[in-house]
Amino acid sequence: MRAKFITLEGIEGSGKTTSIKSINNLLEQKKIRYINTREPGASSMGNELREILLNPNTNISSEVELLLMLADRKDHVEKTILPNLLNDTWVISDRFMDSSIAYQGGGRQLDLSMINSLATYLNLPTPDSTLLFDLPVEIALERTKKRGKLDRFEKEEIEFHNRVRDAYLELANDNPDRIKVIDGTQNLEQVQAKVIENINQLF
Ligand code: T5A
């Protein structure tokens, strides 16, 4: 079986990172090679971009923000995603292109056709499967607040996060075969059971 490219998406505190362990356990049971990766910040350059992008003191336009996310992504695809897939290793990425559509398109209200044209120009791979963790913004932000210091995106007003959530749900509606919505309000065990059910469908 060809190695799969799986992405996890959702608003802040939606439970993406928590679910990676369950996917890893399943792949290990099945003796499948995998790597976990993330955006922004998969490479050393990506980490520097991540510092800039998440720092609440960074003052950049929405266009510059988009271009930095895309620079990070292209480097991620070239150095990590494609080499691993070609080497028969599954790639589990915490965020990918859908994040730019949801955050820079939905949240920042940049023109979607411009974002999609840039993505097409960069010739990015399409994930085999995307899990979208969905829950009301208020619940998700409550979880992130418990962690303490908020980053540049977490500090955005509630309307921004609601636009991001709506853009994600629209993406899921437009791509029902690829994007599976997981109800993030459920308890951890229920969420993880849904994650496993969805990943199992890839075999
Ligand atoms: N961004 C990124 C863009 O704007 N455009 C882009 O193109 C890209 C790629 C990245 C930021 O960059 C933006 C989006 C982001 O704002 P990040 O630090 O990587 O920043 O942020 P997130 O990916 O949002 O990571 P988070 O850790 O905030 O969210 P997760 O991973 O979804 O949430 P998780 O799993 O860490 O859970 C949060 C807390 O909730 C608890 C967990 O234990 C944890 O404490 N929790 C639950 N509690 C109760 N019930 C459940 N079901 C729970 N699931 C998790």
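Arginine 152 lies over the face of phenylalanine 153, 5.0 Å from the ring centre. A charge counts as over a ring if NZ of Lys or CZ of Arg is within 6 Å of the ring centre and within 35 degrees of the ring normal. This is a predicted model, where local features need pLDDT of at least 70, side-chain atom pairs count only at pLDDT 80 or more, and totals for chains, interfaces and linings use all residues. Residues are numbered from 1 along each chain as its sequence is written, and side-chain values use heavy atoms, without hydrogens and water.

Now the rings. The structure holds 5 aromatic pairs. Rings of Phe, Tyr and Trp (its six-membered ring) pair if their centres lie within 6.5 Å; planes under 30 degrees apart are stacked, over 60 edge-to-face, and the rest tilted. Two of the pairs involve tyrosine 103.

| Pair | Centre to centre | Angle between planes | Type |
|---|---|---|---|
| Tyrosine 103 and phenylalanine 153 | 5.9 Å | 85 degrees | edge-to-face |
| Tyrosine 103 and tyrosine 168 | 6.3 Å | 85 degrees | edge-to-face |

Tyrosine 103 lies in helix H4 and tyrosine 168 in helix H7, so their pair ties together parts 65 residues apart in sequence. Helices (H or I, at least four residues) are DSSP runs, numbered from the N terminus. Ring pairs link Tyr103, Phe153, Phe160 and Tyr168 into a cluster.

Tyrosine 168 is buried at 3%. Buried means under 20% relative accessible area, exposed over 50%, and partly exposed in between (1.4 Å probe, protein chains only).

Definitions and conventions. Helices (H or I, at least four residues) and strands (E, at least two) are DSSP runs, numbered from the N terminus.
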